[in-house]
Structure formats: C-alpha cells, structure tokens
Amino acid sequence: MKSYRPFWIALLVMALVSPLGLYVPEWLEAGAAWGEWSLEEVKRMVGYAPSGMERLADLWRAPIPDYALPGQEEAPLAQRSLSYILSALLGIGLCGGTAFVVARCLARREA
Amino acid sequence: MHIPDGYLGPPTYLASFAACAPLWGVAARKVKTTSAAKRAPLLAIAAAFSFVVMMFNVPLPGATTGHAVGGVLIAVAVGPWGATLAISIALIVQALLFGDGGITAIGANCLNIAFVMPFVGYAVYRWLSGHLSSRKGRAVAAAIGAWLGLTAAALTTALMLGIQPLLHTASDGRALYAPYPLSITVPVMALEHLVVFGVVEALLTGLVVYHLQGSRSAWVLQPSLSEVPR
C-alpha cells in the first residue's frame, strides 16, 4: 500500500516536539541567527542604527511574530512552547493547503 | 538565513524579486508538465515539512542559532523545481504570518533558500548517486548534496548582505542597511554552515533517505506517475 499517511503523522510528531527548537538554544545561550538581529541588537553591535534599516525594519507587523501568539512574546518558555506548537500546526496547515491548491490549479490547467 | 526587512537596500531586494519572478514561472510550468502536479499531496507535504523543519533552531552554544531547511530532501522527492515551489510557499507564509524573514526580502530569501539550495544540492546528489548506487550510497549522496546545498545558500545570502555597505554607505561612514562587509559575512556564514548547520542538514537528509529506501514509503524517492497513490 502506498500512502501519504506516514508523512502527515511524521509532520504531526515534528510539530509536537518543535519546542525543542525553542528550549535547546535557550539552554545553551545561543542568540539570534547571524544576520537576523533586531534593530536594537544591531545598534548594540555597531554603535548606531543604520538609517535605512530603521526605516524598513518595522514595515510589516506579523500577526504571530517569532511564532509567539499575540501577547505571548515575553511569556515564560513553557507557555511559549504551546504557542510554538500551535504555530507549527498552523504553518503546516497553511503551507500544505497553499501548496496543494497551487499544484491542483496547475494540474487542472494542463488537463 | 532568513534576511529580515531593513537589511537589504531597494536595489538588491527589487533585483531579487525580478530574478525570482521568472524562476517561479518556470517552476510552475515544470510542476504542471511533469508528474509533480498529480502529486499535489506530496507537494503539500514538502511545503509543510520545510516550514516545520525550519522551526528546529540548532544552537551554536553561546553564539548563534541556525536550522536545517530540508531543501535537498524535498528536491530528491519532488524534483528541484517542485522544491522551489514548495519552499517558496513556506518562506512566504513565514514572512507574512510569523515575521521570519522580511517581506521586502521575500525575493532574496526565495532565491537563496528555495532556488540555490535545492538546485546545488540536487545537482551534487544526481552526480554522486551515479557513482554510489547502493542504498547507503544514495543516502551519502543526498547527505553531501544537502551539506553543500545549504552552504551554497548561506554563501549567496552572505553575498547579498556583504554588498550592502558597498552600495549604501553615508558620507559619515555609517552603513544604511546591513552593516558588515563581505570580508565578514562570507567567512562567518560559510564556516557556520559548513561546520555546524550544514552537518545537521546532511545528517537529517542522509538518515531520512536511508530510512525511506527500506520503508513502505520508498515510492516517494522514485518520482514516476505510476507509483503515485490515488
């Protein structure tokens, strides 16, 4: 039997253990990814806020910034884990749904 | 590797969108004309996988974090053009909804992560698996492809960041956008991906390809229409 089920189950498991991606860097005191610092971090590192960066940095307010549900950005790690899992599930649904619809639309135009 | 808003000046991010547009067009056409469109569920799984695998931040203790992308693994299953489409979708969702990567940088990030990575990695995989056709050999070929694919994407990201001070420096010597020159961005990004994050990507890719070959889901590695479940 060929089936997609094992893959969806694997994705679900990945979503449930995704807080590892939150906890492990915290325990080992790893900071932001290189080249993905906030404006404040850049200011601290080079001594000033680059003016173009300052202008563009807040161009877009993401509804769920850094995978933390609104109001949870500063919440304790345990609470943020829940946000993280929900974000993972939401992301899986949205990415999967979008890719599915795109692929189906392309297939239909061919037929 | 997700470039945020404000790191790239308009010439770079506009040029990146311009470079990405035809690539997305070709990717759509390729997915349409190959079996990939009939494998819509697999493309959905690929996009979702890429999204969630990027949430697993890997620490470089006391310094920084990075993550795998799954780009070469996806390319092995749905082809490099399918990977471009699937990973682009994941990157756009990340930027719009989660603020991971800037919206002005969507073109740049897709170019690096959704195009450079799967194509470099897949080319290496194809070339190596010609010489290593055993089960272990294919896994090793995919792992090396993943390692070099991720590092190549890190390099093009470093190039984009590193040319910003050349393009945009005020008369007082202050950078307007990303502040570090090529002499810093290239070695840092190349090293951390060659030594740490690329190795994580390689292990993940190699182990999954090795496991899949012996499992009931091995069909996913043989992209042919007859093997697709209804």
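1. In what order do the elements of chain B run from the N terminus on? They run α-α-β-β-α-α-α-α-α. Chain B has seven helices and two strands. Both are DSSP runs, numbered from the N terminus: helices are H or I with at least four residues, strands are E with at least two.

2. A word on the source. This is a predicted model, where local features need pLDDT of at least 70, side-chain atom pairs count only at pLDDT 80 or more, and totals for chains, interfaces and linings use all residues. Residues are numbered from 1 along each chain as its sequence is written, and chains are lettered from A in the order in which they are written.

3. Overall form of chain B. The C-alpha trace spans about 65 × 35 × 30 Å along its principal axes.

4. Packing of chain B. Of its 230 residues, 61% count as buried, meaning that 20 or more other C-beta atoms, placed from the backbone, lie within 10 Å of the residue's own. Among contacts with a separation of 6 or more, 74% join residues 24 or more positions apart. A contact requires C-beta atoms, placed from the backbone, within 7 Å.

5. Where the chains meet. Chain A gives 58 residues to the contact and chain B gives 61. On the side of chain A, H5(A) supplies the largest share, 17 residues.

Definitions and conventions. Two residues are in contact if their C-beta atoms, placed from the backbone, lie within 7 Å. A residue is buried if 20 or more other C-beta atoms lie within 10 Å of its own, exposed if 12 or fewer, and partly exposed in between; C-beta atoms are placed from the backbone.
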